[in-house]
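Keep the viewer open as you read.

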Amino acid sequence: MHIPDGYLGPQTYAVLDAALIPVWMIAGSKVKQALKAKQVPLMALAAAFSFVIMMFNVPVLGGSTGHAVGATLIAILLGPWAACISVSIALVIQALVFGDGGITAIGANVLNMAVIMPFVGYYVYRLASGDAPGHGRRIVASGIGAFLGIVTAAIAAGVEFGLQPLLAHTATGQPLYAPYPLSVAVPAMAIEHLLFFGPLEAAVTMGIVAVLAKQDSALVEMKPASKPLRWLWAGFAALVLLTPVGVLAPGTAWGEWGADELRRTLGFVPAGLEKVGGLWTAAVPDYAPAFIANPFVGYLVAAVLGSAAVIGVTWALGRLLSGKERTAPPTPPSGRQP
Amino acid sequence: MIPALQHMGDPATRSRRGHRSLARRTADALGRAVADVLENDELASTPGLMQSLDPRVKLVSILAFAVATSLVHSLPVLLGLTLTTVAFAAASKVPLASFAAKVWSTAGFFGALLAAPAATAWITPGPVLVPLGPLSVTAPGLLIAARLVTRVAAGAGFGLLVVWTTRWTDLLRALSAVGVPELVVATLAMTQKQIMSLLRTVENMHLARESRMLSVGTVHENRGWVVERMAFVARRSMKTADDVYDAMLARGFDGHMPSLAALRTRAADWGWLLTSAAVCALALGIDRMVFPL
């Protein structure tokens, strides 16, 4: 995922490089508040760990090997802001000492691997692990967080690549930097991380959290839910309330046409599609519950029902996989911060 | 000069197909990483054009070249910038074969892999140069791919020049001088030392496993061992952080980071900076005026 120089145009890398300065300043301030003067060796060791974990070859199927990034793991051990600084430092050293990753693309690489990956991974971990005191559910939650963290970071990289043909091209439309449009770049990055690197990251993170939980459980203990998690719920509620805006958008998403729309557009429906298209009838077709006439209210109710179903299934799976562990509440360690 | 980090393959830990064990492969890669850093420092200490520059001037000028490379769109100018990196490497007594191999392996190869589909009619329609059905190579596609690969190679070349001709301590001084906070510079300095220490530790772990193994082990066994060792490194890192802080306190650390020694620019450094600015401006001028899009 290390983007070298040359793939991103100046419109992209200049904005990303500049945007990271306030992020680093906030991260430095947050870490300083929590860790005081001990921050330098702790950050240095965490950055060194972040670097070294990428050098472990992990055996995967077919005799090949891959490597993990470890950003979510460091966020679980030290908190997301500390992970942001540690992984950033590791990326800067990789670029300046080992020539891995571009100089102008440092902003993009830091955004993907040191900001998006640890923050998404950490808050998904917090959300999925809930307040369960045992380790089983947290181990599973760490895997889910690591998986979604790396997949989201990969999609962000795909978006950065995919924007290049739109931002910089010749008069005839030839791209000047990364040549693939969003429709190619995003699926390409997403699919390889969904199928290969995501499961690897999840397996490694779960394995390490499980070993640490057994050998030195203070390292993976968690503070009670704090403000950021409450803000996450508040943001989620705001997004649900905004879903009716989607009704204003005309047409259907590209590639999601139904048989009726295809008939209107093409004049016919492919035989195979017509044959299998009616195999399943959705309970709430087109996000419009049959018992609600107003489309805006119907869309909102569908959003609430769908979200509740996803949260319920995730919670139930977490309970099931954790083996319903119940032990004494943990004592928060002194060195970590939320 | 370079410690014995290159390990010879031991037939006892080769699979039936002759593949080296995971432990041996990883130990070799870690040994190479440590050796690369030591070789870089050695190369940065030899006399040469880039080595003689003030590190601040070098950093700023190479950044200017990297930005100019990203702004240039015509293939001839990009090729010229790529050749400029080779000329700078030669003038700095950098082994050209190693330089070319490193640029190609880190950027060119993956750039070419990524760019290859863009050269075909599948992604870029246009007049066909090599007919291969949907994978026919088109003229505009080839231009797009060539532009991407050349730009990536030039960018990697400039980046590598900084890496190979600047001692890590000088780079930290340059970062400090251009306004990077002392706390960040100190963390970077400490990180590099700890990386080397952890690389050695992890390399020794793999070598110890290698020496005890009678076979290459199953994927499941190897994965379990790797994960367990990663957890060990995590615990050790956290513990070492406390030890390092205690050592800092014992030596009188009071929360302030001492500044690194000041740098002094010479007339030659200013001359280099002006020349670099002129070359970048010339490259952009030729790109915009001689080869307009």
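**Charged pairs and a chain interface**

B:Arg288 and B:Asp287 form a salt bridge, with their closest N and O atoms 2.3 Å apart. The term salt bridge here stands for a side-chain nitrogen of Lys or Arg within 4 Å of a carboxyl oxygen of Asp or Glu. B:Asp287 is buried at a relative accessible area of 2%, while B:Arg288 is partly exposed at 42%. For these classes, buried is under 20% relative accessible area, exposed is over 50%, and partly exposed lies in between (1.4 Å probe, protein chains only).

Before going on, a word on the ground rules. This is a predicted model, in which local features need pLDDT of at least 70 and side-chain atom pairs count only at pLDDT 80 or more, whereas totals for chains, interfaces and linings use all residues. Residues are numbered from 1 along each chain as its sequence is written, chains are lettered from A and ligands numbered from 1 in the order in which they are written, and side-chain values use heavy atoms, leaving out hydrogens and water.

Another salt bridge joins B:Arg167 to B:Asp170, with 3.3 Å between the closest N and O atoms. Here B:Arg167 is partly exposed, at 35% relative accessibility, and B:Asp170 is buried, at 13%. B:Arg229 and B:Glu228 also pair in this way, at 4.0 Å from N to O; B:Arg229 is partly exposed at 22%, and B:Glu228 is partly exposed at 36%. Over all chains, the whole structure holds seven salt bridges.

How many salt bridges cross the interface of chain B and chain A? The rule finds zero there. Five residue pairs between the two chains are in polar contact, both residues being at pLDDT 80 or more. A polar contact is a pair of N or O atoms within 3.5 Å; within protein, one must be able to donate a hydrogen and the other to accept it, and residues adjacent in sequence count only if both atoms are side-chain atoms.

The contact (heavy atoms within 4.5 Å) draws 72 residues from chain B and 57 residues from chain A. Together the chains bury about 5900 Å², 79% of it on carbon and sulfur atoms. Buried area is the accessible area (1.4 Å probe) that two parts lose on being put together, summed over both. On the chain B side, B:Met230, B:Arg235 and B:Met238 lose the most area to chain A, together 11% of what that side buries.
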